[in-house]
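Please read them alongside the coordinates.

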Amino acid sequence: MARRINPNPGQSALPSREQILAFIAQATEKVGKREIAAAFDIKGADRIGLKRILKEIEEEGEIERGRAGLVPPGRLPPVTLADIKSRDRDGDFFAVPVEWDHAKGPPPKILVSSPRSGKKPGRAAPGIGDRALLRVELIPGESGRYSGRVIKVIGKNKAEVIGVYRSGPDGGRIVPVEKRAQGREIAIPAGEEGEARDGDLVSVSLVSESRFGLPRGRVTERLGSLGSERAVSLIALHLHHIPHVFAADTLAEADAVEPVGMKGREDWRAEPLLTIDPPDAKDHDDAVMAMPDPDEANQGGFVVTVAIADVAAYVRPGSALDREALLRGNSVYFPDRVVPMLPERISNDLCSLREKEDRPAIAVRMVIGPDGVKKRHSFHRVMMRSRAKLSYAQAQAAIDGFTDETTAPLVEPILRPLWAAYAALTAAREARGPLALDLPERKVLLTPDGAVDRVVVPARLDAHRLIEEFMIQANVAAAETLEQAKQPLIYRVHDEPALEKMRALGEVLASIGIKIPKEGALRPALFNRILGSVAETEHAIFINEVVLRSQAQAVYAAQNLGHFGLNLRRYAHFTSPIRRYADLIVHRALIAACRLGPDGLSSDVTVGALDQIGEQISAAERRAMAAERETIDRLIAHHLADRVGATFTGQISGVTRAGLFIKLDETGADGFVPISTIGNDFYHHDEARHALVGSRSGETHRLGDRVEVRLVEAAAVAGALRFELLSEGQTRPGAGGARSPRSPSFHKAGAPGRPAGIRNSGSRHRGSRR
């Protein structure tokens, strides 16, 4: 069609159909009638003509109209609202448009590049499950494929809901698994349930929401059956998008790996190295030994050796195994399963320091003075053969005089030198003064069919502390060696507490009569004095937890900020490369710095690249911790479901405007008491005192108070517990009115319980998250 000429002088002519179509096709912003009019300087009455042309083009199917404006048929608009669904091995995300006519086939995929360093301040990084506004364009030469750049993340985990499907006569409903979504079920119309069956864990896309009635959704994926408690970790795996099925190329690469030989290695197979691990450990990544130093200049000193599995010999940079390990970041430990960072062929076989089998290792030999201070160290690439595999309890029993067939011949030549070296290191540790938190580490024990048997607090033995201290020394040696060689590395850094957290800590401590100095440099010794002042009191566990919450999160970074908690100037994770990617990077850096082989960290790897890896694996660690904690919550809620109505003792562990959080003595689990169920008074939140205070009676329920509660509800799917408070609060002197009786009300008001303060039952006692 020829370009129309406006017969009226002084006014612009209308563009041709071809010009309009070309403008829409090349647009990088939302396009509508207004944008076209502005681009072609169309004014006044000519806008009516433009409207007519656009209508004709649309009726002929040459453009489509949607919320995002006008686009060519089948084309995504330049600015698209999309759900981020998955991530590839290079760290880039894939998204699909929120609005798409499925009659045209499956929705197109959008490759969303991960934000690099230097992203705009305040711009949120996207994650799987996010809904984001993207600027998209077709990838040249790839029909129907798009690239996208994040304009704005609309909301975390708003794009999909993970829940349990409950079938009904006319479709079904979804019970969300997240605590914050409890009580907000989603209706699934008949025909939208996909392959879901009653009791299945599913992923649901929200279709519509209304002020009245339930929101409506569509099952997009069946994730697995929750037919037994043993499958409860499935919820956390999918809710936190933790990779748990190895790709075919990764498994094929692992299966094809051949054991490494002696080339380039020292022969340490006669050295009396042994492993000390939990009794159920399947991968053994560290072995230890110690002996008196024969050097007369170091009388009373020791030579301590820590040998670590040489994972770098099998997992090469850029390989499928390496990409998968980076994607996972770390192994994840649940009571019912382990999700390993590396396939079992690598983690449990070739790299595991098995008893009486040849295994490659990278070892550090440290000369320790009689005062426990390290004098020097050296790194070696070796072939070793573990003399024995001991459990912590077994090693401790042997040194305490209760030997068995395995440990009897090991006590004098191997175990006693280990304990003597540990005694020296302990003296140096006490002089250094690291943060001395003392919190019970609870472990959930399951029955053979996957149900919770009981929750225990394993004894903290010197055997645990010995291995932990040896690992800390080895990690320090790794950081020192790499710094001296000016070799880039990933540090384990722990910053000092933020000012806001210190203020909050001061308020909590003031509520029990403890003051902290307002001036002076922060040191772990300050916190240790606080902890020492409450030791052996009813506040001990509570204050330990409050101090822990005041600390910064330890992370991985290419810049050295030191480690506040350990009171160390430099620290790097070196001792667990089977289950932490950071350690594998440090191994490669040591191989390069010490010239231990050709498979070290490439000289092309920059500090910026390592910093980006540090951010990625720090996020993976936080993800794993949340998943482990929430799985414990769900298991315990399931365990307590048949004890609704029972009474428990505990401690107020949190105070909010909505109510009280209670930590149970028996299991360490957290639950919630809604404020509407506390007595018959009107309670207000006193932030400064961390308390709820009755307006008439003055009755006060304060952070740290010992209480008795009754279990009202246990939501197993969400891992949430709701309690009724049975204990009387304290009444301030001179307050009017009588104490209000405990209310029998079972309202569901208030927030669900927060994650339980139970540490991962798969903890390896290696200081792994310091």
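1. What percentage of the 770 residues of the chain count as buried? The figure is 53%, where buried means under 20% relative accessible area, exposed over 50% and partly exposed in between, with a 1.4 Å probe and protein chains only. This is a predicted model, in which local features need pLDDT of at least 70 and side-chain atom pairs count only at pLDDT 80 or more, while totals for chains, interfaces and linings use all residues. Residues are numbered from 1 along each chain as its sequence is written, and side-chain values use heavy atoms, with hydrogens and water left out.

2. Overall content. The chain holds 15 helices and 34 strands; both are DSSP runs numbered from the N terminus, helices being H or I of at least four residues and strands E of at least two. Of the contacts between residues at least 6 apart in sequence, 67% join residues at least 24 apart, a contact being heavy atoms within 4.5 Å.

3. Nonpolar cores. A nonpolar core is a set of buried Ala, Val, Leu, Ile, Met, Phe, Trp, Tyr and Cys residues joined through side-chain atoms within 4.5 Å. The largest has 89 residues, and those touching the most other members are Leu274, Ile346, Leu415, Leu418, Phe470 and Phe574. Helix α10 (residues 462-484) gives the most to this core, with ten residues. A second, separate core has 64 residues, including Val164, Phe527, Leu660 and Phe723.

4. Leucine 274. Leaving out residues up to four places away in sequence, leucine 274 touches residues including Asp286, Val288, Arg387, Leu390, Ile414, Leu415 and Leu418.

5. Helices α8 and α9. The axes of α8 (residues 392-399) and α9 (residues 411-432) come within 10 Å and cross at roughly 100°. Axes are lines fitted to C-alpha atoms, for helices over the stretch in contact, and angles run from 0 to 180 degrees between N-to-C directions. α8 is therefore roughly perpendicular to α9 (65 to 115 degrees; under 35 is roughly parallel, over 145 roughly antiparallel, the rest oblique). Ala395, Gln396, Ala398 and Ile399 of α8 meet Val411, Leu415, Arg416 and Trp419 of α9.

6. Helix α14. Residues 581-593 form this 13-residue helix, which reaches 19 Å from first C-alpha to last, close to the 18 Å expected at 1.5 Å a residue; the expected span is 1.5 Å times one less than the number of residues. Twelve of the 13 residues are buried, so α14 is largely enclosed by the rest of the structure. Arginine 595 follows α14 and has a positive phi, near 55°.

7. Two loop aspartates. Aspartate 285 lies in the loop between β14 (275-277) and β15 (286-292) and is buried at 1% relative accessibility. Beyond its neighbours within four places in sequence, aspartate 285 contacts residues including Ala307, Leu353, Thr575 and Arg579. Aspartate 92, in the loop between β3 (79-87) and β4 (93-97), is buried with a relative accessible area of 13%. Its C-alpha is 6.0 Å from that of valine 112, 20 residues apart in sequence.

8. Positive phi in loops. Aspartate 41 has phi near 55°, sits between α2 (33-39) and α3 (46-59) and is partly exposed at 42% relative accessibility. Histidine 241 also has phi near 55°, in the loop between α4 (233-239) and α5 (248-256).
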